[in-house]
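Me: I should like to learn how to read the features of a protein model. May we work through one together?

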Amino acid sequence: MFTAVGLIEFFYKQSIQGMQSFLTAMTYCSYSFGFYLSSLLVSLVNKVTSSSWGGGWLSENDLNKDRLDLFYWLLAALSLINFFNYLFWSRWYSCNPSVLPTPPRQHPPHDELDKQNSITTTTALNYNSSNVN
């Protein structure tokens, strides 16, 4: 859940205008799918680790008897596999330059604009006064 803000910002900055809301919806769908898979993982670990003489790592809802340490080691191993999966796929990522914001136009400093305006005004006044004579 801590990556939600960064993920949505990534989708908004790296996708075309029409895909932004769709990708946001896909983000929340992937969260719900992940929550479902986490409950499935707990059930699967409990089933695999249970034996005929005792319960599984998470079966008794007792922190003193359950083997939460082994379950968290399993989660750490899955996170490490996920990290290597991310490294594998991130090698092919390249920034989409078509959706990058365009840099602002560079304007001359105000002093130069004032000089140009005063030169133009002076030239116009000189022209008008020379035509009056």
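**Reading the chain**

Reply: The chain contains 4 helices and 0 strands, where helices (H or I, at least four residues) and strands (E, at least two) are DSSP runs numbered from the N terminus. Along the sequence the pattern reads α-α-α-α. This is a predicted model, in which local features need pLDDT of at least 70 and side-chain atom pairs count only at pLDDT 80 or more, while totals for chains, interfaces and linings use all residues. Residues are numbered from 1 along each chain as its sequence is written, and side-chain values use heavy atoms, with hydrogens and water left out.

Me: What share of the residues of the chain count as buried?

Reply: Buried means under 20% relative accessible area, exposed means over 50%, and partly exposed lies in between (1.4 Å probe, protein chains only). Of the 133 residues, 11% count as buried.

Me: How does the span of helix 2 agree with its 30 residues?

Reply: The expected span of a helix is 1.5 Å times one less than its number of residues. For helix 2, the 30 residues should span 44 Å, and the end C-alpha atoms are 43 Å apart, which agrees.

Me: Which residues of helix 2 are buried, and what covers them?

Reply: The buried residues are Gln20, Leu23, Thr24, Thr27, Tyr31 and Val45. Their cover, judged by contact (heavy atoms within 4.5 Å), includes helix 1 (4-14) and helix 3.

Me: Where is Asp66 found, and what is the nearest side chain of opposite charge?

Reply: Asp66 belongs to the loop between helix 2 (20-49) and helix 3 (68-90). Lys and Arg count as positive and Asp and Glu as negative, with His and the chain ends not counted. A salt bridge requires a side-chain nitrogen of Lys or Arg within 4 Å of a carboxyl oxygen of Asp or Glu. Asp66 is buried yet has no salt bridge, and the nearest side chain of opposite charge, Lys65, is 8.7 Å away. Leaving aside neighbours within four places in sequence, Asp66 contacts Trp57, Leu58, Ser59, Glu60 and Asn61.

Me: How many aromatic pairs are there?

Reply: Rings of Phe, Tyr and Trp (its six-membered ring) pair if their centres lie within 6.5 Å; planes under 30 degrees apart count as stacked, over 60 as edge-to-face and the rest as tilted. The count comes to 7 aromatic pairs. The pair of Phe83 and Phe84 is tilted, because the ring centres are 5.9 Å apart and the planes stand at 55 degrees.
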